[in-house]
Amino acid sequence: EEKQFWKRYIYLWIFYAIYEEMTNGDLERASDVYKTCLSLIPHSKFSFAKIWIYAAKLHVRRRDLVSARKLLGKAIGMCGKEKIFTEYIALESALGEVDRCRALYTNYLKAMPHNCKAWLKYADLERSVGETERCRALYELAVSQPALDRPEMLWKGYIDFEIEEGDGNNARKLYERLLERTAHVKVWISFAQFECTEIGHGVEAARSTFSRAYDQLKAEGLKEERVLLLDAWRVFEKAKGDASSVSEVEAKMPRRVKRKRMQTDDDGAELGWEEYFDYHFPDEEGAATSNLKILEMAAKWKKMQQQQAASTAEDSDEDSDDD
């Protein structure tokens, strides 16, 4: 009893039901086909969302909403797949049953609290009926979940919601909260771009955000991320700044240098040399040059010590020869 061996037969049942409905026009017979098929599937081991959904949609076409709802409710209990929830919610949403949709979303999120898509859809529902505070409360509950499958999508939805509501302070607080969790360069760029919008604090705030981001990425040693940030910063200055501000950003742009490094496998064995690109930033070259000079002086001192030692040894040999 493995699911993969059932798939072809499930489609045979579906084609049989469609034949009875479309060719013979016998909706009752088609419904019996679906019912028989569902009775044969070992739902305790596996199930098929498709057959539940097709059977429920047939009830809808027969204008029997009570049976359709009972079947979908049974499907949630016996199958519990995401597709069942989304189809049931779509049905109730099309009928304008907001309270039923809320109850379904509640069960949906109890079963899958990590599902960011479900949280977003639920928040969109509340917003569509004018329940702004309920929408905000849902977003807060969502971002507080210990595990999420796509948290970046959820945070973006929450921030976009506050921006569309025209609440710049809340949006700014959300950016700061998000940066406490992840200092990803895209978050920094989005934050800076937000500051120069109508509800932001203006160009200087955006420039300050870019500067904060640059300093943090530099402290963390993230070179490629700094390059991405500088590219976005330069575009911003060309649009909002002047020649002086553009030149200041361009002065921070790094040189790209080709280097080589040895590749190794998991056991430490050498696999050969590979080429890669490294970035040299102007504000780091001074320190690098200073370190290089120190190394050169140390090498010279060591060489002098070796020469003195060799000279002393030669003098000792000459004295012993004289004796």
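A residue is called buried if its relative accessible area is under 20%, exposed if that area is over 50%, and partly exposed in between. The model is predicted.

**Exercise 1.** Determine whether Asp99 is buried or exposed, and do likewise for Arg102.

*Solution.* 
Step 1. Asp99 has a relative accessible area of 57%, so Asp99 is exposed.
Step 2. For Arg102 the value is 16%, and therefore Arg102 is buried.
Step 3. The two side chains form a salt bridge, with N and O 3.3 Å apart.
Step 4. Both residues belong to helix α6 (residues 98–111), where 3 residues, about one turn of the helix, separate them.
Step 5. A network of salt bridges joins Asp99 and Arg102 with Glu126 and Arg134.

**Exercise 2.** State which helices are tied together by the pair Glu237 and Arg207.

*Solution.* 
Step 1. The closest N and O atoms of Glu237 and Arg207 are 2.7 Å apart, in a salt bridge.
Step 2. Glu237 is located in helix α13 (residues 223–240) and Arg207 in helix α12 (residues 203–219), so the pair connects parts 30 residues apart in sequence.
Step 3. Both Glu237 and Arg207 are buried.

**Exercise 3.** Identify the strands in which Asp278 and Arg259 lie, and classify the exposure of Asp278 and of Arg259.

*Solution.* 
Step 1. Asp278 and Arg259 form a salt bridge whose closest N and O atoms are 3.3 Å apart.
Step 2. Asp278 lies in strand β2 (residues 270–280) and Arg259 in strand β1 (residues 255–264), 19 residues apart.
Step 3. Asp278, at 15% relative accessibility, is therefore buried.
Step 4. Arg259 has a relative accessible area of 33%, so Arg259 is partly exposed.

Note on methods
Residues numbered from 1 in each chain as written. Predicted model: local features only at pLDDT ≥ 70, side-chain atom pairs only at ≥ 80, totals over all residues. Heavy atoms only, no water. Salt bridge = Lys/Arg side-chain N within 4 Å of Asp/Glu carboxyl O. Helix = DSSP H or I, 4+ residues; strand = E, 2+ residues; numbered from the N terminus. Buried < 20%, exposed > 50% of the residue type's maximum accessible area, 1.4 Å probe, protein only.
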